[in-house]
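Reader: I would like to go through an interface and a helix step by step. Please give the general idea each time, then the case at hand.

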There are 2 protein chains.
Amino acid sequence: MSSTTMTSINDRILTVLPLFYVGWSDSVLSPSEMKMIRSVISEMDFLEADDKKYLSSWTDPTNPPPEEVFRGWMRAIKEKATKLDASERKSLVDLGLQIGSVGVANPKDSDATRSALQRLEKELGIDNPMSADLLLSHINKKDKGSYNTSFSSEALKDVLDGDYKEVKERMRHLLRDPIFELKHEADKDIYRLRILEQVKALAAQGVSGYSFPKKYGGGERHGDHIAVFEMLSYSDLSLTIKFGVQFGLFGGAVYLLGTEVHHRKYLEAMHRADLLGCFAMTETGHGSNVKGLHTTATYDSKTDEIVVHSPNPAAGKEYIGNALHSEMAAVFAQLIVDGENHGVHAILVPLRGEGGQHLPGIKVEDCGYKMGLNGVDNGRIWFDQVRVPRENLLNKYGDIDTQGKYSSPIKNPSKRFFTMLGALVVGRICVGLGSLSAAKKALTIASRYALHRRQFGPSDKGPETFIMDYPTHMERIIPAVAKTYAYDFALHDLAEMQVNDDGTDTRKIETLAAGLKSKATWHATHTIQTCREACGGKGYLQENQITDLKADSDIFTTFEGDNTVLMQLVAKGVLTEFKQSFHDDGSMAVIKFLLRKANYKISEYNLLHKRNTDYKHLTSFDFIKETFDYRYEKSLIKLSERMRKYLSRKMDPYQAFLKTQVHMIDVADAYIDVVTLRSFYHKIHNSPEDMKPILSRLYTLYGLDTILANKGWFLENEYMEGAKSKAIRKVRTKIIQDLRPDLHGLVSAFGIPDELIAAPIAFSEFS
Amino acid sequence: MSSTTMTSINDRILTVLPLFYVGWSDSVLSPSEMKMIRSVISEMDFLEADDKKYLSSWTDPTNPPPEEVFRGWMRAIKEKATKLDASERKSLVDLGLQIGSVGVANPKDSDATRSALQRLEKELGIDNPMSADLLLSHINKKDKGSYNTSFSSEALKDVLDGDYKEVKERMRHLLRDPIFELKHEADKDIYRLRILEQVKALAAQGVSGYSFPKKYGGGERHGDHIAVFEMLSYSDLSLTIKFGVQFGLFGGAVYLLGTEVHHRKYLEAMHRADLLGCFAMTETGHGSNVKGLHTTATYDSKTDEIVVHSPNPAAGKEYIGNALHSEMAAVFAQLIVDGENHGVHAILVPLRGEGGQHLPGIKVEDCGYKMGLNGVDNGRIWFDQVRVPRENLLNKYGDIDTQGKYSSPIKNPSKRFFTMLGALVVGRICVGLGSLSAAKKALTIASRYALHRRQFGPSDKGPETFIMDYPTHMERIIPAVAKTYAYDFALHDLAEMQVNDDGTDTRKIETLAAGLKSKATWHATHTIQTCREACGGKGYLQENQITDLKADSDIFTTFEGDNTVLMQLVAKGVLTEFKQSFHDDGSMAVIKFLLRKANYKISEYNLLHKRNTDYKHLTSFDFIKETFDYRYEKSLIKLSERMRKYLSRKMDPYQAFLKTQVHMIDVADAYIDVVTLRSFYHKIHNSPEDMKPILSRLYTLYGLDTILANKGWFLENEYMEGAKSKAIRKVRTKIIQDLRPDLHGLVSAFGIPDELIAAPIAFSEFS
C-alpha cells in the first residue's frame, strides 16, 4: 500500500522530509507555521515544481498526511539513513542533506540549501536536540534490531518458530494476500460467505491437508497442521475456526474414527473443501457431559440401515460450526443395536441432496449472532428418523457386521467413547495455540501503541511521557508477554509429544491438553481484556482489532471443553498418575486409586530458604523450580488427604468430589504451572547461546510472577516469610523494568505480518 | 407474547398440563411414548375435540413446544396451583385434577378421569415423587417469595430502591414498552436511528429533565436523574449512553458551566431533545490529560468573536458521542484572549445550519464500529477557524467582557479548569451505577440459567445436577452478587452526598466518585466475563444478552476517566486528606503536603487476633471492619514513608511518583474498600429488622472475600497467621453455601423487568 506513496519521494524531497516528519509527529504545526513552510519551500531552488507541489500538499492541517503516507516517509528516511554514520545525522538538517545526497553525484549541500533548511528548522521550533532525537531514535532502533533491544528479534522469532519455520513462513506469506484482508462486515450472512471463500482459497493452496495420508493427497505432517492453525489465528479467527471445523473436527472424525472405506470415499474431497461437513456432537441439553447425549442411532436390521433421531428438542445439536454450509455431518449419537445401547458413536449423515436442499428429516436452524466469530455459520440440527446405510457408521472403535452384530475392540462402552474423544485431542492443542496467537496480536498492538502514545509528563511544557514508561502500564503488559512465551513453549512441547505419540503417552497428553488449553485460553482472555483497557478508547474501536480479538476468542475458554470441567479432569489425571481413563467422570475410579495408593512425595525442602532474600537466589532457576514443585506436591497431598478423610467417614464419593472440587482446580493449576515451567527451562537449554539471556529473563519473570500470584498460599503454608515475598516483588519489578527496552523486540519476535496486525494505532507515529 | 397461547388453555386442558409439562421438562419422551399419550388423550372423554387437538399438537418431538408456550403452561399452572393447599397437590394427577376443577361447578374428578391420568403418569414413567417434585418445587417457590429464599425479595428490592422507589418503578414500567424492546441490529446506522427515537421517546415522557431547574421545565430532582440512569442501564446500554451524553454531558455543560443567558436559550430545547448536542472534550492526542488539549478558542476583539480551531490532526475531537446527530457541540478548548492562554474553557459551537448541513469549517467523521454501543454515533470533529459569538463561551468560571477583557472568579487556571471538571462529577457516579446495572443483569441471567440447567450427576441414570449446585459455580457467582450489593450501597451513599453537597464535601466526592467508578466498573467487567463463561456456549449467543452487556459496558473502565489514572487521583486525594485540588496532576502539591504532615495513624491493633480462628470472631462486623481499616492505614503510611524516603534522597518528584505509582493504586484500592464496607454497614443499620439477616450475610461474604483476595498482603505484614487465613477460607465457603438457596431471591431483588432480561436461558425450563 505504500508503494504508490514511495514512488513520489525522490532525493530532493527526502532532503526536507525529516523536518516534515518531525513537524507532524509532534503535532505542533499551527496554520501560520504551515504558511511559513510553504513560503520557505517555494524559495528552495533545488526543488523542482512537482516536488514543491508534493510537499505543499502536506501542509494543510485539515488534510493531514494519512498514516500510510506518514509511514512511507519514515521508511524512506530509514532506508537511506541507516547507511549513514552517526556523525552525519546529528541534526534534522544534517540528516536531510545527507539522505538527500546519498547516491547523488552533485551533493546539494550548498550554503543556500542549508540555510533554507535551517530557517525552516528554527521557525518550526524543532532546532533542538530533542526533536532531532525523536526521529533519530527511530533510525537508531532500526540499526540494532528493533527499538534498542538487547537481542535480535529475528533470532528470537526463529526460536519461537522452531522446527516449523518453513510452514509458518509460508502461512505468513499466504495470509498477506489481499483475499485475507481484515475487514469488518456487520452482516453475518455476507461475512460467512467471505470466510467460506477464504477456506476454499486455503484448500486450493493445499494447506488444509497436512494431517492426512499422502495417498489421499494429504501431507502426513501433523505438526505442520498445528502450525497452520497457529498462524491462521493471526488472521480472522472466524477463518481459523471454520478451517478447524472443516479439516480438524469433521476431517478428523472421518480420518480418526472412520476406516479405509470412509477415507477412500471422503478424505480427499473433504480436505479440498469440495465436501463441506460439520462435527455434530454438542446438544442443547448436553455440552460438557457428552456421554449423556440424547440423539439416538438405532440399527434397523430389516433394512440394514441406521436411524438417526433427536428424541426431544433439547437433543438437537447446538452451536455446530459450518452447520449451514455443510453437506454432511458427523453425528454423535447413542448407538442402539438390537435393543442394546453401546454408547456414543459417530455416524456420517448427509444433510443435503443433489440440488443442495436439506434432506427429509433434517432441520437446520441458524444460531444467529454471537459475541464474535460471526463469520462462522453455527447452527442447530435436529434429526427426525433419518436413515443412512450401515456403512456410514465411523467404525474404527465399534462396528456392526453384515449379520447386524455389534463388535468393538474396546469392551467397556465408556472407555470406548473416551478413546474416540481422545483421538481428537489435537483440537484442544490447536485451540490453546490459537488463543495464544490472539493474545500475541493484542500484546503487539497494545505494546506498539504504548511505545509511541504519550500522555502526561513531568511538566506542562516538555514532551509528554510514553505511556509504556509508566510502571502501571509495564505491570499490565510485560508479565503478560512473559507468560505468553511460557505457554507457547509448553504447548509446542505438548504438540510434539502428541505428534510423536505411539500410544504410550496418550493419557498424559490428554491431561496436558486439557490443562494447557484451559490455562492458555484463560490467559488469552485476560490478556486481551488488559490490552483493550491499556489502549483506552482507541482499543474500543473496531479498526484497532482488539475488539474482534476479544469477541472472537472469548468462546475459547468454554468450547472444546469448558475450562472448569477440564481442570477437574486434569486433577483426576494427576491423582491417578494418568492410569485412569481420562474423560471418565466416574468418581469411583479415582477413589479406588486413592485408597490403594499414597505414594506422592514432597521435594526436599530447604528451610534455610524461607528467609533468603538474596537477589541471586530469588532469580535462580533452582529456587523458582523448587517453589513451583512444592506448591504442586503439597497441594496434591493435601487434596488426597482431604478426600481420604471424607471417604473414611463414609461420605458418598460424589459428595466427596463436590466438597473437594475447588481444591481440585488448585491442584490442576499448580500442575500445569510446573509443566509450563519445565518446558520453558528446556527451551532455554536448547536455544542458541545468544538467546539465553533474554529467555532467562522471561523465565524468571514468568516464574516470580506466578509465585507472587500465589504468595498468599506460600505464606499460609509457611514456605516463605513476608520478608521474602516482599523481596520477590521488588525483584519482579526490577525485571519488568529491565525488560522494558526489549519489549518491542519481544513482540516483534511473534512474527505477525503488518497486514494482519492491521490496527492503525500499532503504526501511527503521531497520536 | 404469552397471551395468545394462554387463551387456548382452559380448565380441561389444565387437568392434563402438569403431566405434559413434566414430560417435556425432563426431555424424556420418546416417540412411542408420544404415541401412547395421543391414544390416552383420545380416550379422555372430559376433553372436547379442540382440547384434544391442542394437546396432540404438542406431542410431536420434531415440533416441540417453543419456550413461550412452555412458559405459558407454567404460568397457567402456577396461577391456579398457588391457590391450593399443599395437600391437594401431592402428585401430578392430584394437581391436575385440582387445578382443572378450580372455579368449575362440576368437578371432573370422576374415577374414569383419574384413572386415565394415572395411566398416563405411569406410562410416562413420572409416577414418582421426583417428577412431581420438579413441578411442585416451582410452585412452592412461587408461594414463598421465590425459590425458597429466607427473605422477601420484594422487601429487599425496596431496600435497594431506597428513596427512589417511585421513579425507579416508573422507569421499569416505561421500559417495558415495546419501543424499548431489545433487538439485535447489525447495521450501525439503522441501530443509531432506533436509539435516537428511543431518546426522544424518553424526552417526551419528561424523564430527561430531572436535573434541570423547574423554570425551564425541569424537575429539580437530581437524585431522580441518577435513578433514571441506573434503570436505563437495564435496557439497551446504547440508549443509556446516548441519553447520558445528551442530557448529562451536553446538558450538564450548558447548565453547570453556562449562565442564565445559556440556560434561557438552550436548556428546555435540550432536555426535550429538540436541540441535540455533544460534549466535545477528548481529543485524539489528549484523553486522560485533558488539561493539555490542543484545540484553541481565540478571542478576536475586532469582530467580538471566538475562533475555534484544531491546529493539527491529533487535536481533533475523538469518540464524541452523539457527534453525528448533533446540531451543537460544547467544545473544550484553550481560551486565548489577547495572546494569553487562560486554560481550557467550554464554548458552544453550532455544527449544522438550518438545512441540517454541516457548517463551514466543521468536519465530522464517524468513528465506525466499536466493540459495543454501536447504537451510539461516536465521531471525530475538527474545527477550521470556526467563528462563534463571544456569548457562546460557557462563562460561569471564566468570562470575556464587552471590552474584550478576560476575568474569572478562580484565579489559578489549573484550579479553574478542574473546578469545571468537578461540576461534571455526577457523570462518574452514573457510570458506576450503570456498570452495576449491567453486572446485575448478567448475574440475573447466569443465576437463573444455573438454577435450571443440569449437567453431570451422581450417576448416569438419575437426574443430573443443577450446575448452580457445583461449588466451583457457586464460587463464580455468589461472591460477585455480594460485591454487587456492596458497590450498590456505596455508590448510592455517594450519590446522596453529591446531591446534597453545598460545597463542603466537593473534593471528597470527587475522590470517591473516581474510586468507586473505577472499582465498580472493573467489578462489572470481571463479573460479566464470569457470567459469560458460566453460561458456556449459551452465554456466547447474542440472544442471551450477556454478549451485549459485555461489549457495551467494556468501555466503562476507560471512559469518563481511565480507571488506572483515576485510582492515582484517589491516592493523591487520600494523601492530602482531600485538601489538594483533585484532578491536578502536579506532583508538587502532594509532595509539599507530605513533607509538612505526617499524622496518619494506625488503628489499635489487637495482637491476640492474629491466631483467632473462632467462627464468631471471623464473621463479626468488628473483625472485618478492623481488617479493612488496617490494610488501608498501613498501606497509606508505607506509601508516604516511601515517598519521603525518595524525596529525602533528592529524587525528582516526578520520578518519585513513578516509582510509587503501583503502591498508590494499592492505597486507593484499600481506601475504596473501607468506604464501601462502611456504606454496607450503615445500610444494614438503617434497614428493616427482617432484612438484616440476609444483608449481614452478604456483608460478611463481601468482607471475607475481600480480605482473602488480599490474604498475601495480610500474611506478609503479619496481620494474621496462616491458620487464620485458612479458617477464613472455610468460613467464606460456608457462607457461600448458605447463600445458595437465597440466590434466586437475591437476583430477583435487583428488580429487572423480564422484558429487559430478555435472554431465553433465563426463562427456559428445559435445557
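**Reading the contact and a helix**

Author: The contact takes 75 residues from chain A and 74 residues from chain B, where two residues are in contact if their C-beta atoms, placed from the backbone, lie within 7 Å. This is a predicted model, in which local features need pLDDT of at least 70, side-chain atom pairs count only at pLDDT 80 or more, and totals for chains, interfaces and linings use all residues. Residues are numbered from 1 along each chain as its sequence is written, while chains are lettered from A and ligands numbered from 1 in the order in which they are written.

Reader: Which element of chain B gives the most to the side that touches chain A?

Author: Helices (H or I, at least four residues) are DSSP runs, numbered from the N terminus. Helix 25 of chain B gives the most, with five residues.

Reader: Is helix 18 of chain A mostly covered or exposed?

Author: A residue is buried if 20 or more other C-beta atoms, placed from the backbone, lie within 10 Å of its own. In helix 18 of chain A, 24 of the 29 residues are buried, so the helix is mostly covered. A:G536, with a positive phi near 55°, follows helix 18 of chain A.

Technical notes:
Helices (H or I, at least four residues) and strands (E, at least two) are DSSP runs, numbered from the N terminus. A residue is buried if 20 or more other C-beta atoms lie within 10 Å of its own, exposed if 12 or fewer, and partly exposed in between; C-beta atoms are placed from the backbone.
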